[in-house]
Amino acid sequence: MQPEVMMKKKCISARKASLVLFLCQMISALDVPLDLSQPPTITQQSPKDYIVDPRENIVIQCEAKGKPPPSFSWTRNGTHFDIDKDAQVTMKPNSGTLVINIMNGGKAEAYEGVYQCTARNERGAAISNNIVIRPSRSPLWTKEKLEPNQVREGDSLVLHCRPPVGLPPPIIFWMDNAFQRLPQSERVSQGLNGDLYFSNVQPEDTREDYICYARFNHTQTIQQKQPISVKVFSMDSLNDTIAANLSDTDIYGARPVTERQPVLLTPTGSTSTKVELRGNVLLLECIAAGLPTPVIRWIKEGGELPANRTFFENFKKTLKIIDVSEADSGNYKCIARNTLGSAHHVISVTVKAAPYWITAPRNLVLSPGEDGTLICRANGNPKPSISWLANGVPIAIAPEDPSRKVDGDTIIFSHVQERSSAVYQCNASNEYGYLLANAFVNVLAEPPRILTPANKLYQVIADSPALLDCAYFGSPKPEIEWFKGVKGSILRGSEYIFHDNGTLEIPVAQKDSTGAYTCVARNKLGKTQNEVQLEIKDPTVIIKQPEYKVIQRYGQVSFECIIKHDSTLLPTVLWLKDNDELPDDERFLVGKDNLTIMNVTDKDDGTYTCIVNTTLDSVSASAVLTVVARPNPPFDLELTGQLERSVELSWIPGDENNSPITNFVIEYEDGLHEPGVWHYQTEVPGTQTTVQLKLSPYVNYSFRVIAVNEIGRSQPSEPSEQYLTKSANPDENPSNVQGIGSEPDNLVITWESLTGFQSNGPGLQYKVSWRQKDVDDEWTSVIVANVSKYIVSGTPTFVPYEIKVQALNDLGYAPEPSEVIGHSGEDLPMVAPGNVQVHVINSTLAKVHWDPVPLKTVRGHLQGYKVYYWKVQSLSRRSRRHIEKKILTFRGNKTFGMLPGLEPYSTYKLNVRVANGKGEGPASPDKVFRTPEGVPSSPSFLKITNPTLDSLTLEWGSPTHPNGVLTSYILKFQPINNTHELGPLVEIRIPANESSLILKNLNYSTRYKFYFNAQTSVGSGNQITEEAVTIMDEAMASRQVDIATQGWFIGLMCAVALLILILLIVCFIRRNKGGKYPVKEKEDAHADPEIQPMKEDDGTFGEYSDAEDHKPLKKGSRTPSDRTVKKEDSDDSLVDYGEGVNGQFNEDGSFIGQYSGKKEKEPAEGNESSEAPSPVNAMNSFV
């Protein structure tokens, strides 16, 4: 029977990958308990091919276990190795390991050979592999005479290394005398055999210290080959040498450096073969000669190169395929190509295989009378042969065992007995190697035992698999059952997985999986059980993960890592940068749940990972930090293709610092005319590194380049070399040429001079030319120095001239300039405008007309006409003030204009003058006109004095601007009661010569509003308003004072106030609960038609407002019966009105009025009562 010790690898197919290693460790083969008898098992041995250091002791390992403990013996080269007869050889106590003492006089070469260890006890014998012992060798290079290599430029060359044969083979590399590795490239590279290949040589390859080194790792020694000398002849030096000995004809016969198509240096021929073993690394190589240097490409004929296992090395000259298998056999073609052609080589690869296991034999533990099998299956190319041994002896000559039968790769056991215990060896071998495996058959009769510790605690994260161990041993094989809880039933169903090694798996453990689990093992010899505990923990979660950040250099950045975890687990947080520890830098600040980096630098760019570990789980989250900055300046500026008017500038961009370069700005310096001043030239996209620049003559150019990205501009590059362009005629003439006379008899010609950059050459001057327009005159010209003005004298007054200014230098003239029109100097106009007429439109506006003057009398550029006007006298007032003249200018050749802003009822004078650039001409004769009357301004003041019970005295001042003859004053007034209701409007007309008025028969203690304005024959002016109050009756006032000072009245008022406060509190509470006020209910039940609270839908109130025109309002809207109004814009005090509170209490004490605000209203007509209730009336209503 298959023993439980040999646990099957039922490795949870399709389970989470993180559990595979753990589970496979649990269900791998377990040892038979060491207190039970068992055959030997080899536990440790030296490798099959064992290369030793000849300077150190040789240690050949052989360790084994068994019960009783095994004894050890050795064979050497197939015969018994008697270690007792060799003083240099000892065996470690309780071990089979041999120690051969080399350091005390022994020689490693004397102990070369094939060694095999045997471990034996009463139940069988196990053997080790054949261990081949070979001492390493690092021989010296053989002496050889090396001739200097003289080679022509462009030819190929191979420097042979030919290292000595060592064990193991040495590592080859090439260096110079200074122990510096020789640089390698597509043109120069080292082959797999150690030779140095040159596809084509260049003059810089000339040197005398090409040295090949061989490093022997086992002995830690390096051997050096003699230096090799290489001299490369360039064609120029070769022709010079030949010219000294040959005729001219022979010199021309020497071949120049010519380009050549590729030729393979290695491997040679068109095809080759390669055999590699399965699992090894396949290396294929192709190195070619040619000029230009060939490029190598690899393909597999009839297939693809294996993905993820293919690598290219040595500048693609070496094809590397790792972990090769039989499927990698085939034809591999390398193709070497340059501009002249190609060459190729086909390598036929055959993958052979040393034996490898399909099914290796495993230990069997059987109880007496049981059956079992040992299976030994292996594969290889060619297919390996299988042979069996029993206790180290070929099974054919081993002692007979009736329970054993050999059937090829299988041994069948039937009805075994205790004497059937033995160790069997399976050997699978072919020409490329062998496999040897020991497997014992141990016949035991043992009751079950559970090897897992009792009450072991398992802690698992929720929603993860839980694996509860029940390692056991027994013969025959025990049956395993699991129970949950003390009296729980046997566990069954799809929610559990039962493994052959006794492990119980709960694929998705939940919180309710927590508890005690019991494992029961039983066979025919007995029964045992074990209890384990399972706890389920909450998973660790990163609830706030670090996020991708882009930060400018020298800034500050912070990554968050906020976690949630099981309260019984202690998490640890670790931050990594690029999967490595954080730099040891004080700028990195690790907080409880964040990582902060101060003063960020370019080196901080990378991936930051937050790892949270507990004893049960681990979670991580990563974020990338990109450090951006302004780009580094471009460098290596180079000028090429220099022409008279253009040059090509190229450069190498600097580091863009993680922010792509958007454009390059090119600036230039003119070292000849403006040294140290840089000017913008052009700009190009960030993908462009060359630009064709247009140049000007006679400029000593230097260029620099500035890179630009989203962060900003780089520092300027270093300036390029200087480039002085040749001189040439000027390309352009001065700009902004003008001719304007400064005096009546001259012409001043001005222009903007050319810059030195525009001069195109030395000796910059100007040719100034002029002639009178529309006159058949010749051009008058003069050449002046590099100035910007020339004055022509003796010209007629204000006549047009044709003008041109041409640039010239030492090499010639600029193109013919364009002509401009200028004028000689202006003089004052000669005549005044005539026929001046004035038409008065209204009291403040007049229109003036005039005839234009002849243009020839203007004697200059006509700028327009100016109208001077001033007020002579106001007809409504005798006072004369200082005369202030006003001026209106009318541009161009206009013949009329409007005079606004005149004062009504006034006398004005005006005159008109023509103006040019020199000044104004004579004035026209003064013209007198008058403005008609207008409406007056408002009276200067309105005062109301001497209030009595029924009268008021009004005083006023006349308007500041009467604007005519006053005819009368208009006074309107109306009463206003305490509810802002307006009484009837009364109007009185007052003679213009009056300045005061006494109004009688007014109501006592009443407020009145007055509207007052003045009139002329044209109409009424703006009005002013005022309010006043007549005084109250003295008896009523005395009564009010008496009542107000009574104690009973004061107590009553306090009681009422307290009652109001209580009612308000109750109403507020009831209102918040959605109910009615008790007072409200009473009001609804006992409604008084004359005392009702005001509702919004009872009607709207008209508003009094002071309009700008102060016109009386129409009749106001109807008011509620309780005469309450809404509080509006202002709250006048009781003193303003001289009256009390406008509010009442009904019979149950509820307050139904409110304080009224006073808002000024315009007069309104109506028959509402104008009587305002007095404070005495209001207080009497309380009684």
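**Core and strand pairing in the predicted model**

Ile 133 touches Tyr 50, Val 52, Ile 58, Ile 60, Tyr 111, Glu 112, Gly 113 and Tyr 115, leaving aside residues up to four places away in sequence; contact here means heavy atoms within 4.5 Å. The model is predicted, so local features need pLDDT of at least 70 and side-chain atom pairs count only at pLDDT 80 or more, while totals for chains, interfaces and linings use all residues. Residues are numbered from 1 along each chain as its sequence is written, and side-chain values use heavy atoms, with hydrogens and water left out.

Ile 133 is also among the residues with the most contacts inside the largest nonpolar core, which has 30 residues. Such a core is a set of buried Ala, Val, Leu, Ile, Met, Phe, Trp, Tyr and Cys residues joined through side-chain atoms within 4.5 Å, where buried means under 20% relative accessible area (1.4 Å probe, protein chains only). Elements giving two or more residues to this core include strand 5 (71-76), strand 9 (113-121) and strand 11 (131-135); strands are DSSP runs (E, at least two residues), numbered from the N terminus. The largest share, 3 residues, comes from strand 9.

Strand 9 is largely enclosed by the rest of the structure, because 7 of its 9 residues are buried. Strands pair if DSSP finds at least two bridges between them. Strand 9 runs antiparallel to strand 5, with 6 bridges, and Trp 74 has Cys 117 as its bridge partner in strand 9. A hairpin through 2 residues joins strand 9 to strand 10.

Notes:
Buried < 20%, exposed > 50% of the residue type's maximum accessible area, 1.4 Å probe, protein only. Helix = DSSP H or I, 4+ residues; strand = E, 2+ residues; numbered from the N terminus.
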